[in-house]
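Biologist: I would like to learn how to read a model like this one. Could we go feature by feature?

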Amino acid sequence: MRSRPGTRSPQGPRALAAVAVASVLLAGCDRPAATIGPGAAPGHQMAPEARSAKGPTPTAQPYHRWGLTAPLPAPPSPPARRHLPPGDDPLPVVDRVPTRDKVVFLTYDDGAEKDPRFVDLVRELRLPVSMFLTDSVVGPGYGHFARLRSVGASMQNHTLDHAALRGLPYAGQRAEICGQQNKLRARFGIRPHLFRPPYGTYDTTTLRAAADCGVTAVVLWRAAMEGDGELTYAHGPRRLRAGDIVSVPSGEPTGMSLRERTTRLLREIQGRGLTVGRLEDYLQRHGQRHGQRHG
């Protein structure tokens, strides 16, 4: 029944509650709805800058997540001319690239550490890293390196068994190098063009065997990131400079993890006004000039 003018409708508790809700809804039309966090008291509003866990926030930027204060600059476009030192050896041997580009090159040896978060770091920061793998060290962990390859890492040769090659006969050196070439081809469908001799030791027999296995350059290093996170240098200035090849061995028994050493290294690279380049972009394929022989 409709009430007559001048009379009041009865208002019980249920009617009063409906009026209160309607008032809140009408008031809410004048401003954005507030988000109340889980467990927050009624009337408590989140700060305007707060975001949903699903949305991007300043602290969710990849470089922040990995301990950097700014994103890494993108490397320059690959050079039209690749950089290899001249010489009469069967293969060039490089520990740094003669370039004016403000880049250094990150290389990782052996393949002992298989931290899934390292894959995340490479993917999120788009790091063009080169992995020099030893079959006996990688063991059953090739799946980890397949994931790394899928996010942009390159796979290169570091022998079958990590034997010191210098002084070994040609047949033994060829077996170590060609054997790992064949392993990597079977695992990834690739035949690497770069080779790092274990311990950085080699002789002319090493160069001849590597060339016969399809390698185009032997890669050493000028700087190395040790297990405690300190950089050491084989020669030259005691600081990173453009063109340096940096070695980061894996599987250190003590000290920092591969991921921790990489983030420390990236901070050092940024502090020097450098960024990370792809080593393969700067080393010309030997076979483009001389032809290749495969073992």
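Biologist: Start with a histidine. Which residue's backbone oxygen lies 2.6 Å from a polar atom of the side chain of His158?

Modeller: That oxygen belongs to Arg196. First, the ground rules. This is a predicted model, where local features need pLDDT of at least 70 and side-chain atom pairs count only at pLDDT 80 or more, while totals for chains, interfaces and linings use all residues. Residues are numbered from 1 along each chain as its sequence is written, and side-chain values use heavy atoms, with hydrogens and water left out.

Biologist: How do I read a polar contact, and with which side chain does the side chain of His158 make one?

Modeller: A polar contact is a pair of N or O atoms within 3.5 Å; within protein, one must be able to donate a hydrogen and the other to accept it, and residues adjacent in sequence count only if both atoms are side-chain atoms. The side chain of His158 makes one with the side chain of His162, at 3.2 Å.

Biologist: Where is His158 found? Is His158 buried or exposed?

Modeller: Helices (H or I, at least four residues) and strands (E, at least two) are DSSP runs, numbered from the N terminus. His158 sits in the loop between strand 4 (154-157) and helix 6. Buried means under 20% relative accessible area, exposed over 50%, and partly exposed in between (1.4 Å probe, protein chains only). His158 has 2%, so it counts as buried.

Biologist: Which residues is His158 in contact with, leaving aside neighbours within four places in sequence?

Modeller: Contact means heavy atoms within 4.5 Å. The partners of His158 include Asp109, Asp110, Gln180, Phe195 and Pro197. Phe132 and Arg196 are also among them.

Biologist: What does Arg196 do relative to the ring of Phe132?

Modeller: A charge sits over a ring if NZ of Lys or CZ of Arg is within 6 Å of the ring centre and within 35 degrees of the ring normal. Arg196 lies over the face of Phe132, 4.7 Å from the ring centre.

Biologist: Asp110 came up as a contact of His158. What is the phi of Asp110?

Modeller: Most residues other than glycine have a negative phi. Asp110 has a positive one, near 80°. Asp110 lies in strand 2 (residues 103-110). Its relative accessible area is 13%, so Asp110 is buried.

Biologist: And what is the phi of Tyr199?

Modeller: Near 65°, again a positive value in a residue other than glycine. Tyr199 is in the loop between strand 5 (194-195) and helix 7 (204-212). Tyr199 is exposed, because its relative accessible area is 56%.

Biologist: On to cross-links. How many disulfides does a search of the whole structure find?

Modeller: One. A disulfide is a pair of cysteine sulfur atoms within 2.5 Å. Here Cys178 is joined to Cys213, S to S 1.8 Å. The angle about the S-S bond is -105°, and the link is left-handed. It connects distant parts of the chain, 35 residues apart: Cys178 is in helix 6 (residues 170-188), and Cys213 is in the loop between helix 7 and strand 6 (217-219). Both Cys178 and Cys213 are buried.

Biologist: One more histidine. Where is His144 found?

Modeller: In helix 5 (residues 142-150). His144 is buried, because its relative accessible area is 5%. Not counting residues up to four places away in sequence, His144 touches Glu113, Lys114, Asp115, Pro116 and Val119. His144 and Pro116 are 28 residues apart in sequence and 7.5 Å apart C-alpha to C-alpha.

Biologist: Finish with the totals. How many helices and strands does the protein chain have?

Modeller: Nine helices and ten strands. Of its 295 residues, 43% are buried. Among contacts between residues at least 6 apart in sequence, 72% join residues at least 24 apart.
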